[in-house]
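Dear colleague,

I am passing on the structure we spoke about, and below it you will find what came out of going through the model. Please read it alongside the sequence.

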Amino acid sequence: MQNGLLKRYFLTCMAVVLASITILGTVFLFLAAQYFKGESLDQLDTMAEHTAEITEKVIVYDGSQYSWLGAKEDVMSLLKERYQGFTLGAKDSDIFLTTADGVTEVCTEDAPCAHTTYKISSKLLDKAFKDGSYRGMSTLGEIYKTSHYVVAQPVVKDGGVVVGYVFAASPAKELSTFLMDMLKMFGGAALLVILFSFVVIYPSTNRLVKPLREMAVCAQRFGKGDFSQKIPVTENDEMGQLAMSLNNMASSLAMTESVRRSFVANVSHELKTPMTTIGGFVDGILDHTIPPEKEDYYLRIVSTEVKRLSRLISGMLNVSKIEAGEMRLNVTTFNICDTVLAALLSFEQQIDKKHIDIQGLDVGKVMVQGDKDLLHQVIYNLVDNAVKFVNEGGQIRFAFSQGPGGTMVAIRNTGEGIPKEQMQQVFERFYKTDRSRSLDKKGVGLGLYIVKTIIARHGGDIVVSSKEGEYTEFKFSLPPAPKERSGHQKSKQQPGGQPRGTTAQPLPTQPPAGPGDGGLQP
């Protein structure tokens, strides 16, 4: 590319310059030849007209016909006197007069004269008579050895009687001399233009190709995984836009590479910890390092870690399906409140244990459109986070609002909240604000990433707000149902905040894939 593109572009430009010069030169020489020919014929025509006037003055009528042959000597003297010092066509131009049948009688050329030897063809005489004159290039039969410019004028007396013809001729070789001189001048000018074009085009081409060379070098580095170098953007043209696009691509690839490495590191860490725990306890049981009376205790820990690995793998599979675009929505219209109740009943023991007060469920129907199973997973993950991080004896509040743009669902829990600097990261894969795992020993950091993706697939959005030491709230929007929006049936609550008197879905035998992962502080 370094030599090929520069060479091709330079040769193309020079070929265009040469073709332009060739066309211009051809047209210029053609017009110059036509101009020279026209000027030569015009001057010969003037000479012929003057000669015809001289001849008409000496024509006499002998009673039967007009003739000027008796005054040939007078005509010759007048012609030589009239055209002495004549410069057109230089000294090679000549004038001669013929009779009506084409025989030369008077000639300005010194003897011996070839004009008197040969007779002018009748065809040429007829053309001069019919057209009033003849203009062209000819050898006049055998009179001239080379082509000459020739003008012929008939000498006509009163009554239309042709008494003779006047011929004026000059060699056409002067045209070749003229064109050669013009060609030399044009060739010199063309050579200067070519040199100037070379001086201008080559640096311009090199300057144009230089950014492409830099882009090629940077692209090779990008291919090797080095995204540190940026292409300088010096112009706001197509080349500058291409450079900016490559720089943006490099930034995107660098971010993707960083995410990939972080993903691999997080997965490795998440897999290593439970596998180390499982391996250590199993080896301790097998080599009897752990006493038999404590085997059940440690086997329960192994069982917990195995389940955690299962949730991690399930969450990773869900992430893979999401990123591969394999997530398909089975859209139906359903009551989102029933989904919330089903999720809450799955956490009944944890709610009782922490004495959590559940509020905001004293509403009727809130109908939405979406994939019921996927949205159950969204609610389950958000409720799981709220239950984990609500303070002892705290409160979890649900809120529903409907408008032309859709249905808004909010889940707020009291507790420590999320630090401001971590608010923008809670939806990232494997992100955990509680790195010590003192509050969440089961999460793997994928739940909220999956939640955000599912909501986005439904055409909605999810946001988080928090105030440290007071609360954390997640709000997400969903499309409204086309017909039934909401009802007015009230549900009652029993002491302790658990809903009572509502119809809930049957509890799932297992929680949905990826529950509670990646929440506020897993």
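Is Asp42 buried, partly exposed or exposed? Asp42 is partly exposed, with a relative accessible area of 37%, where buried stands for under 20% relative accessible area, exposed for over 50%, and partly exposed for what lies in between (1.4 Å probe, protein chains only).

Before the rest, a word on how to read the values. This is a predicted model, in which local features need pLDDT of at least 70 and side-chain atom pairs count only at pLDDT 80 or more, while totals for chains, interfaces and linings use all residues. Residues are numbered from 1 along each chain as its sequence is written, and side-chain values use heavy atoms, with hydrogens and water left out.

Overall fold

The protein contains 10 helices and 16 strands, taken as DSSP runs numbered from the N terminus (helices: H or I, at least four residues; strands: E, at least two). Of the 522 residues in the protein, 41% are buried.

Salt bridges

A salt bridge here is a side-chain nitrogen of Lys or Arg within 4 Å of a carboxyl oxygen of Asp or Glu, and by this rule the count comes to six. In one of them, the side chains of Arg135 and Asp42 meet with N and O 3.0 Å apart; this pair links distant parts of the chain, since Arg135 belongs to strand S5 (residues 134–138) and Asp42 to helix H1 (residues 4–57), 93 residues apart. Arg135 also forms a salt bridge with Asp45, where the closest N and O atoms are 3.8 Å apart, and here again distant parts of the chain are linked, with Asp45 in helix H1 and Arg135 in strand S5, 90 residues apart. Arg135 counts as partly exposed at 37% relative accessibility, whereas Asp45, at 14%, counts as buried.

Another salt bridge joins Glu470 and Lys467, with the closest N and O atoms 3.4 Å apart. Glu470 is partly exposed at 40% relative accessibility, and Lys467 is partly exposed at 44%. As for shared partners, salt bridges join Asp42, Asp45 and Arg135 into one network.
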